[in-house]
Amino acid sequence: MFRMFRFFEQFITPFPSEEPGQPPTGLFAFCRHYTRGSEKHLVVMAFLTGLLAILEVSLFDFLGQLVDWLSTKNPDTFLAEETGTLLWMAFIILIAIPVTVLFHTIYVHQVLLGNYPMSIRWNMHRYLLGQSYSFYQNEFAGRVATKVLQTALS
């Protein structure tokens with residue numbers, strides 16, 4: 001079990017070795033600067049989130065159809081007429097949604113939430129190590145460290 005987690009945790013390097021440069025100005029450029037190398041993982045997470053949303057919406061749509069069928073269809077021929085749809089929804093409810101939730105949860109918690117913010121913190125920390133002594137004299141105690149921690153999670 002823990003080998004599987006280790007496999008997913010190795011997708012993003014928490015301590016990149018390349019030397020960090022000055023982050024650009026502007027929100028989008030700043031975010032792209034610190035997201036470098038993690039784009040494909042964010043796309044996979046977005047795909048899994050979208051797929052999960054589609055599956056859940058289809059579940060509620062099916063429940064509405066089921067209520068309509070039970071009020072309009074003939075009870076004697078209901079199973080014969082709707083067997084395919086019922087089997088398809090059974091597959092979605094019993095297999096597709098749980099498997100999608102599993103991979104989404106593993107991807108978000110094991111791939112992204114552990115190493116992605118850590119790589120951002122590491123790059124910021126290494127960039128701040130190159131600042132002059134006077135840079136830190138003009139700041140309140142702990143303000144820079146707090147900004148680094150808050151920026152990585154936001």
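This is a predicted model: local features need pLDDT of at least 70, side-chain atom pairs count only at pLDDT 80 or more; totals for chains, interfaces and linings use all residues.
Start with the aromatic side chains: by the rule that rings of Phe, Tyr and Trp (its six-membered ring) pair if their centres lie within 6.5 Å, the count comes to 9 aromatic pairs.

Residues are numbered from 1 along each chain as its sequence is written, and side-chain values use heavy atoms, with hydrogens and water left out.

Select W88 and F91 next, an aromatic pair that is stacked, at 5.6 Å centre to centre and with 25° between the planes. The two residues lie in helix α4, 3 residues apart, or about one turn of the helix; helices here are DSSP runs of H or I with at least four residues, strands are runs of E with at least two, and both are numbered from the N terminus. W88 counts as exposed at 52% relative accessibility, whereas F91 is partly exposed at 37%. Then select F7, F8, F11 and Y107, which form one aromatic cluster.

Turn now to the charged side chains. Side chains of opposite charge can pair when their charged atoms come close. The structure holds 4 salt bridges, each being a side-chain nitrogen of Lys or Arg within 4 Å of a carboxyl oxygen of Asp or Glu.

Select R126 and E19, which form a salt bridge with their closest N and O atoms 3.0 Å apart. This pair links distant parts of the chain, since R126 is in helix α4 (residues 78-129) and E19 is in the loop between α1 (2-9) and α2 (27-35), 107 residues apart. R126 is buried, with a relative accessible area of 18%, while E19 is exposed, at 64%.

Finish with K73, E81 and E82, which are linked in a network of salt bridges. K73 meets E82 at 2.8 Å, N to O, and K73 also pairs with E81, where the closest N and O atoms are 3.6 Å apart. Colouring these residues by accessibility would show E82 as buried at 9%, E81 as partly exposed at 46%, and K73 as partly exposed at 27%.

Conventions: Buried means under 20% relative accessible area, exposed over 50%, partly exposed in between (1.4 Å probe, protein chains only). Rings of Phe, Tyr and Trp (its six-membered ring) pair if their centres lie within 6.5 Å; planes under 30 degrees apart count as stacked, over 60 as edge-to-face and the rest as tilted.
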